[in-house]
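Hello,

Here is the structure I promised to pass on to you. Please have a look at it first, and then read my notes below.

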Amino acid sequence: MDKATQDKSVSLVLGSGGARGLAHIGVIRWLLDNGYTIRSIAGASMGAVVGAVFASGKLEQFAEWVLALERADVLRLLDPAFNRAGLFKGERVMAALRALIGDGDIRDLPVAFTAVAMDLETGKEIWLREGSLFDAVRASIAIPLLLTPVQRDGLTLVDGGLVNPVPVAPTLNDRTGLTVAVNCGGRYETMPAPPQSDSIPAAGGDYRRRILAFLDSLQSARETGLAAPDMISIGLRSMEAMENTIARFKLAANSPDAVIELPRNACRIHEFWRAEEMIVLGRERTARVFESRCIA
């Protein structure tokens, strides 16, 4: 297609991947800087977070916030659930997001938005396209074992990445020029060593120390290639492997016009203090894909 007549409207699909999903910010920035108009977004898990933020018109405020996060800040956002449905309630994270960008009904957004979750009872994929924006996001990020499920419309909802990590399907009926998907579970690559982050103070009680040990166990498992000694770490790594496999099948079944692949080892799912690296990575990989396809 000639660039002068190319339809530069985009349906954007933002995949799950924890902190790697911060790369979505870089993807969006590149698209906007190169004259593309994002008319529709579908997101799972972290993709739903960034998609909701953009659809609300608050992407730069969110970027400023995550770029300021340090390791200790991430720990302070974890609120213990004290029950067996999940380690954390997620209320602190959602409260921080609401204070930052507000809330509203999905139908009132200037950009069409779909958050994907999974019905825990049936295993069905649920598309959330109306009602409270952040209730939908909270359901989409309810990672089993970590965050408690969400009750909505009589359903028990959990992380959408479990059933569709790169949810292209909600965009199939869009009348846009391009469908662009971002997969945060791409192949392993040799990555530069991560920078040193600030340390988490040991003070603050036994629960704080236990969470610190949990985060460190995730780090140790990734760096050594060995299973961490606790079932939470093993469960999360197993779910991530499952999601990566599902993503490959979903992308093959619903081929978008462009797929931006981020290495699954770009950062660990909890390393939200590495926002700057991930944003740069997202921008670089988007430019690479569009230049290789001659659609920029």
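A salt bridge here is a side-chain nitrogen of Lys or Arg within 4 Å of a carboxyl oxygen of Asp or Glu. Glu271 and Arg274 form one, with 2.7 Å between the closest N and O atoms. Buried means under 20% relative accessible area, exposed over 50%, and partly exposed in between, with a 1.4 Å probe and protein chains only. By that definition Glu271 is buried at 4%, and Arg274 is buried at 7%. Both belong to a network of salt bridges that links Arg268, Glu271, Arg274 and Glu277.

A word on how to read all this: the model is predicted, so local features need pLDDT of at least 70 and side-chain atom pairs count only at pLDDT 80 or more, while totals for chains, interfaces and linings use all residues. Residues are numbered from 1 along each chain as its sequence is written, and side-chain values use heavy atoms, with hydrogens and water left out.

**Salt bridges**

The search of the whole structure finds 12 salt bridges. One of them joins the side chains of Glu240 and Arg20, at 2.5 Å from N to O. This pair links distant parts of the chain, 220 residues apart: Glu240 is in helix 8 (residues 231-253), and Arg20 is in the loop between strand 1 (9-14) and helix 1 (23-33). Helices (H or I, at least four residues) and strands (E, at least two) are DSSP runs, numbered from the N terminus. Glu240 is buried, with a relative accessible area of 11%, and Arg20 is buried too, at 2%.

Glu130 and Arg107 also meet through their side chains in a salt bridge, at 3.7 Å from N to O. They are 23 residues apart, with Glu130 in the loop between strand 6 (125-128) and helix 6 (133-140) and Arg107 in the loop between helix 5 (91-101) and strand 5 (112-119). Glu130 is partly exposed at 46%, whereas Arg107 is exposed at 57%.

**Around Glu243**

Helix 8 also holds Glu243, which is buried with a relative accessible area of 15%. Leaving out residues up to four places away in sequence, Glu243 touches Ser16, Gly161, Leu162 and Pro165, where contact means heavy atoms within 4.5 Å. The C-alpha atoms of Glu243 and Val166 are 9.2 Å apart, although 77 residues separate the two along the chain.

**Strands**

Strand 1 pairs with strand 2 in the parallel sense over six bridges; two strands pair if DSSP finds at least two bridges between them. Leu12 has Ile41 in strand 2 as its bridge partner. Between these strands the chain passes through helix 1, and this β-α-β crossover is right-handed, which means that, with the strands pointing away from the viewer, the path from the first strand over the helix to the second runs clockwise. Strand 2 (residues 37-44) has six of its eight residues buried. Strand 2 also pairs with strand 5, in the parallel sense over five bridges, and Ser40 stands opposite Ala112 in strand 5.

**Nonpolar cores**

A nonpolar core is a set of buried Ala, Val, Leu, Ile, Met, Phe, Trp, Tyr and Cys residues joined through side-chain atoms within 4.5 Å. The largest has 64 residues, of which Leu12, Ile25, Phe62, Phe113 and Phe290 touch the most other members. Helix 2 (residues 46-55) gives the most to this core, with eight residues.

Best wishes
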